[in-house]
Amino acid sequence: MNWYNIKSLSESSTEVVIYDEIGSFGVNSKTFIEELANVPKDKEILLRINSPGGSVIDGLAIYDALRRTPQKIVTRIEGLAASIASIVALAGDEIVMSENSLFMIHNVWGGETGDSKDMRKAADLMDKMSSKLVSIYMAKSGKDESEVQSWMDDETWFNAEEAL
């Protein structure tokens, strides 16, 4: 069972659909990226997203892989691009949100077991990952670090008009 699907739509377009939690069902970014590499270089990619997010590590790897592709990527948010799915959506050269969609950003969440040193290390790692997300949001939005960090601290939900 996959959380994504990649299929040819026409001679000029390939559809990539992410309609579930990123990195779930034992399918990680490695499998996604391997399939993405098989998309012909002369085809535009239509990236359709309706996802609550998922694995930060898998999402960042997918974002990087999409940004490396030579194809034009058109992202269509169809319902929800939340958490790491919002980062994957930003890999698009063009981003379109349906008027009823939502876009949510927040700081990295996680869980850890162990002693207090393990908890501190986990918190430091989450802060490091969050700073990477801030950089991506800043680059795409043109907003400054303090504004983006404030949105992430507050877990901000944007409608299509606000996201624009």
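These questions and answers concern a predicted model of one protein chain.

Me: How many helices and strands does the protein chain have?
Reply: The order of elements from the N terminus is β-β-α-β-α-β-α-β-β-α-α-β-α. In total, the helices number six and the strands seven.

Me: What is the radius of gyration of the protein chain?
Reply: The C-alpha trace spans about 55 × 35 × 25 Å along its principal axes. A compact globule of 164 residues would have a radius of gyration near 15 Å, and the value for the protein chain agrees with that: 16 Å.

Me: Among contacts between residues at least 6 apart in sequence, what share joins residues at least 24 apart?
Reply: A contact here means heavy atoms within 4.5 Å. Of the contacts between residues at least 6 apart in sequence, the share that joins residues at least 24 apart is 67%.

Me: Is glutamine 71 buried or exposed?
Reply: Glutamine 71 sits in the loop between α2 (56-68) and β4 (73-82). Buried means a relative accessible area under 20%. Glutamine 71 has 4%, so this residue is buried.

Me: How far apart are the mean positions of the positive and negative charges?
Reply: The protein chain carries 16 positive and 27 negative charges. The distance between their mean positions is 7 Å.

Definitions and conventions:
Residues are numbered from 1 along each chain as its sequence is written. This is a predicted model: local features need pLDDT of at least 70, side-chain atom pairs count only at pLDDT 80 or more; totals for chains, interfaces and linings use all residues. Side-chain values use heavy atoms; hydrogens and water are left out. Helices (H or I, at least four residues) and strands (E, at least two) are DSSP runs, numbered from the N terminus. The radius of gyration is taken over C-alpha atoms; the globule rule is 2.2 Å times the number of residues to the power 0.38. Lys and Arg count as positive and Asp and Glu as negative; His and the chain ends are not counted. The place of a charge is taken as NZ of Lys, CZ of Arg, CG of Asp or CD of Glu. Buried means under 20% relative accessible area, exposed over 50%, partly exposed in between (1.4 Å probe, protein chains only).
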